[in-house]
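Let's take a walk through this one, going from a helix to its neighbour and then on to a pocket. Have the sequence and the model open side by side.

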Amino acid sequence: MKANKHDSCIEQISHGAELSMGLRRKLSLASERLNEAVEIEEIQSIGVMCRETLIELIDYVYDSDSFDGEEKFKKSDVKNRGELVINKYITGSENAELRKNMKNLLNGVWDYSNIITHSSSKTKHEASICLTITVALVSSFENLLNKYFDPIAGLKCKECGSRRLIVAENDETEDLLIICENCQHGFIKE
Ligand SMILES: [Zn+2]
């Protein structure tokens, strides 16, 4: 049996910000199970694991304090909770397309993992697709969080236009001092 083909895919998740270890463990386990899966119950169990991964993913990024005034959704209501999360982390009209795509991706992966969970005619190949798109979704959320928490994402030097920026120590105020590595120009992030 060859090595888990999803493992390198899952490995990509470790780039950048740490996402929940529990999520990575679940995806690795699903990958192992997929390699051995033959019977329909074993195929269905891949769908179940993808489903659980999605619930855990959204729960992991769902910050209930941010959604105080909002309707309370059940933990398993991945679509509605996911929409709140996506609206929080992707803001602005310039990101409308990304917001829409992330919602479509989330809803599509959720629906498909439910199909795999309940179908009695799907094969290992569909289960593999299900796991692949689940990994892609988890990875996309990780990138989303990286962008959200990256203090210099989208900034450029006001002097030379370079994006080679670093956050410098600022002893005087709490504000972020950004230095351009290209021209050494320093400025405070507004
Ligand atoms: Zn510069």
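About how many helical turns separate Lys100 and Glu97 in helix α5? About one, because Lys100 and Glu97 sit three residues apart in that helix. This is a predicted model, where local features need pLDDT of at least 70, side-chain atom pairs count only at pLDDT 80 or more, and totals for chains, interfaces and linings use all residues. Numbering starts from 1 along each chain as its sequence is written, and side-chain values use heavy atoms, with hydrogens and water left out.

Lys100 and Glu97 meet in a salt bridge at 3.6 Å, N to O (a side-chain nitrogen of Lys or Arg within 4 Å of a carboxyl oxygen of Asp or Glu). Glu97 is partly exposed at 48% relative accessible area (that is, between buried, under 20%, and exposed, over 50%, with a 1.4 Å probe and protein chains only). Lys100, at 44%, is partly exposed too.

The structure holds six salt bridges in total.

Finally, the lining of the largest pocket includes Tyr89, Glu94 and Lys189. By class, that lining has five nonpolar, three polar and four charged residues (Ala, Val, Leu, Ile, Met, Phe, Trp, Tyr, Cys and Pro count as nonpolar, Asp, Glu, Lys and Arg as charged, the others, Gly among them, as polar). A pocket here is an open set of points on a 1 Å grid over the protein atoms alone, where a 1.4 Å probe fits, with protein on both sides within 12 Å along at least five of seven lines; lining residues have an atom within 4 Å of a point.

Conventions. Helix = DSSP H or I, 4+ residues; strand = E, 2+ residues; numbered from the N terminus.
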